[in-house]
There are 2 protein chains.
Amino acid sequence: MLSGSRKVKLVVSYEGTAFHGYQKQPDGLRTVQSELERSLEEFLGEKIEVFGASRTDAGVHAIGQVVHFTTEKQVPPEKVAPALRRYLPPDIAATSSELADENFHARHSARGKYYMYVINRSPSPSLFLRNTATCVQGTLDISKMARALEPLVGEHDFAAFMNKGTYTSTTVRNMFSLEVAEKGSFLVFTLHGSGFLYKMVRNIVGTALEAGRGRMAPEATRDILESGDRGRAGPTAPPNGLYLVKVEY
Amino acid sequence: MLSGSRKVKLVVSYEGTAFHGYQKQPDGLRTVQSELERSLEEFLGEKIEVFGASRTDAGVHAIGQVVHFTTEKQVPPEKVAPALRRYLPPDIAATSSELADENFHARHSARGKYYMYVINRSPSPSLFLRNTATCVQGTLDISKMARALEPLVGEHDFAAFMNKGTYTSTTVRNMFSLEVAEKGSFLVFTLHGSGFLYKMVRNIVGTALEAGRGRMAPEATRDILESGDRGRAGPTAPPNGLYLVKVEY
C-alpha cells in the first residue's frame with residue numbers, strides 16, 4: 001500500500017431489480033460495482049476500484065454486502081458511509097464504513113456468509129412484492145423441504161448445486177446451517193455457510209421446492225450431492241427472492 | 001350505447017412509481033391509463049377508451065382503482081381481468097371485472113373512496129420500502145395528529161386543502177372518517193370520504209404532520225378549514241406513501 005493510502009471496508013444494501021448484477025460489465029451496463037465506484041469517485045475526487053464480497057446476480061438483493069477500496073484521501077473512514085448517501089442512487093444504501101487492515105479483502109477474507117430466500121405463497125400475491133419475493137402457488141410440504149435440506153449441512157462437495165459460468169478452485173464448501181421457516185404467507189430459507197458456489201443458493205432452493213411439491217423424494221438430495229451431477233438437482237429458483245444478508249470476517 | 005356493445009367495470013392495482021400518473025398525457029409519457037388502453041386494445045383487437053375513478057398523481061399507488069370501458073367484443077365481462085394479465089406490465093394487476101350497467105361511470109357514479117397514507121418512522125428505513133412509504137424522521141405526537149384531523153370529519157368546504165391545477169364545480173366534500181394509527185414503526189392514515197379534491201389527502205397528511213411535530217396547534221385545522229386559505233395548511237406530503245384503496249358505488 002502506498003504511504004498515506006488507507007483501506008476502507010464499506011457495508012451496503014441494495015435492491016437488485018434495476019442492476020445487471022453486482023459485477024462491473026465491460027459494455028457499461030448499470031451494475032452495483034459501477035454505481036459504487038462512480039459515487040465514490042464523485043465523493044473522493046480520485047479513481048476508485050471497489051472489491052465486493054459476493055458477485056450477486058441481476059435481480060438479487062443485498063442487505064449487508066461488504067466491499068473494500070483504497071483511497072489516498074484523508075477522509076475519516078467511518079464518515080464515508082454517511083457522506084456517500086448523497087452520491088448513491090436510491091436503490092443503493094451505505095450502511096456503515098470503517099478502517100480496514102491493509103491485508104483485508106472483502107472477498108478473500110470472508111469466513112462466512114448468510115443468505116436468505118423469500119417465497120411468497122399468497123394465492124393472490126401483492127404486486128408491490130413482485131421484485132422482492134418469488135411467488136410459488138400450490139401446495140408445499142414444509143417438512144419434506146426441511147428433510148431435503150438436512151443432508152446438505154456440513155462440509156461437502158456442492159458441485160451438483162453449482163451452475164457453470166465462473167471459475168472456482170474447489171467446489172467443497174461448509175454449510176453451517178440451513179433452515180426453512182413459515183412466516184405468515186411467506187416461506188423464508190436461511191443459509192449460513194463458509195461460501196457459496198455460482199447459483200448454489202438458488203439451486204438448493206429450487207431443489208427443496210421440488211421435494212416440497214412432492215416431485216422428488218426428500219432423501220434424494222443426499223444422492224444428488226454425492227453424484228456431483230448438476231442435472232439431477234432441481235431448477236435454479238428465480239433471483240428476486242434472494243438476499244445476501246451478512247458477510248462474516 | 002351501440003347495439004351489442006357492453007360496458008365493463010374493471011378493478012386494478014398498480015405501483016405508481018414508474019408512471020407519470022394515472023391520466024393519459026398528450027406527449028406519450030407512460031401512464032396507467034395509456035398502459036390499460038394498450039393492454040385492452042391488444043387483448044380485444046379494437047380501440048378502447050378507459051375512464052378511471054381517480055386520477056392518481058405520479059408516484060401514487062392503487063390497490064383498488066376502478067375503471068370502465070365499452071367493448072363491441074362478446075368476451076364474458078368477468079373473464080376480462082384474468083385474460084388481461086398476460087398483456088399488462090408487471091406494475092399493473094387486474095383484480096376483477098364484471099358487467100356494468102349502461103349508465104355506470106367509474107368516476108361519476110362513485111359514492112365514496114378510501115385512501116391510505118403510509119409513513120415509515122424507522123430511524124434507519126429499509127431501501128426496499130423507498131417507493132411505497134414516506135419516511136419521516138424525528139418525534140411525532142400521534143394524539144396531536146389525531147386531534148388535528150378531528151375537525152375535518154363531516155361535510156365541509158375543503159378549499160384550504162386543495163391544490164390548484166384541476167377544475168371542480170364545488171370544493172365541498174363529505175369526510176366520513178379519518179384515522180391515524182401506529183402499526184409497528186409505521187403510521188397509517190385511513191381516509192374515507194365522498195370524494196377528494198386535487199392533492200387533498202396529501203395536504204391533510206402534510207398538515208397533520210405539522211401538528212405532530214409541534215409546529216402547529218392541533219386545533220388550528222378548524223380555522224384553516226374555515227379560512228379556505230391553502231396558504232395556511234401544511235405542505236403537500238410526498239406521493240409515494242399514498243394508496244387509493246377502494247372505490248364505492
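These are my notebook entries on two chains and how they meet.

**Ground rules.** I am working with a predicted model, where local features need pLDDT of at least 70, side-chain atom pairs count only at pLDDT 80 or more, and totals for chains, interfaces and linings use all residues. Residues are numbered from 1 along each chain as its sequence is written, while chains are lettered from A and ligands numbered from 1 in the order in which they are written.

**The interface.** I looked up which residues touch across the chains, taking contact to mean C-beta atoms, placed from the backbone, within 7 Å. Nine residues of chain B contact nine residues of chain A. On the chain B side I found four nonpolar, two polar and three charged residues. Here Ala, Val, Leu, Ile, Met, Phe, Trp, Tyr, Cys and Pro count as nonpolar, Asp, Glu, Lys and Arg as charged, and the others, Gly among them, as polar.

**The symmetry.** I then checked how chain B is laid on chain A: a turn of 180° with a shift of 0.0 Å along the axis gives an RMSD of 0.0 Å. The two copies are thus related as by a two-fold rotation axis. The superposition is by least squares on C-alpha atoms of residues with pLDDT of at least 70 in both copies. Of the interface residues of chain B, 100% are also interface residues in chain A, so the copies meet through the same surface.

**Lys199.** I noted a positive phi of about 60° at A:Lys199, which is not a glycine. For B:Lys199, also not a glycine, the positive phi is about 65°. A:Lys199 counts as buried, with 22 C-beta neighbours inside 10 Å (the cut-off is 20 or more other C-beta atoms within 10 Å, C-beta atoms being placed from the backbone). B:Lys199 counts as buried with 22 such neighbours inside 10 Å.

Key: Two residues are in contact if their C-beta atoms, placed from the backbone, lie within 7 Å. A residue is buried if 20 or more other C-beta atoms lie within 10 Å of its own, exposed if 12 or fewer, and partly exposed in between; C-beta atoms are placed from the backbone.
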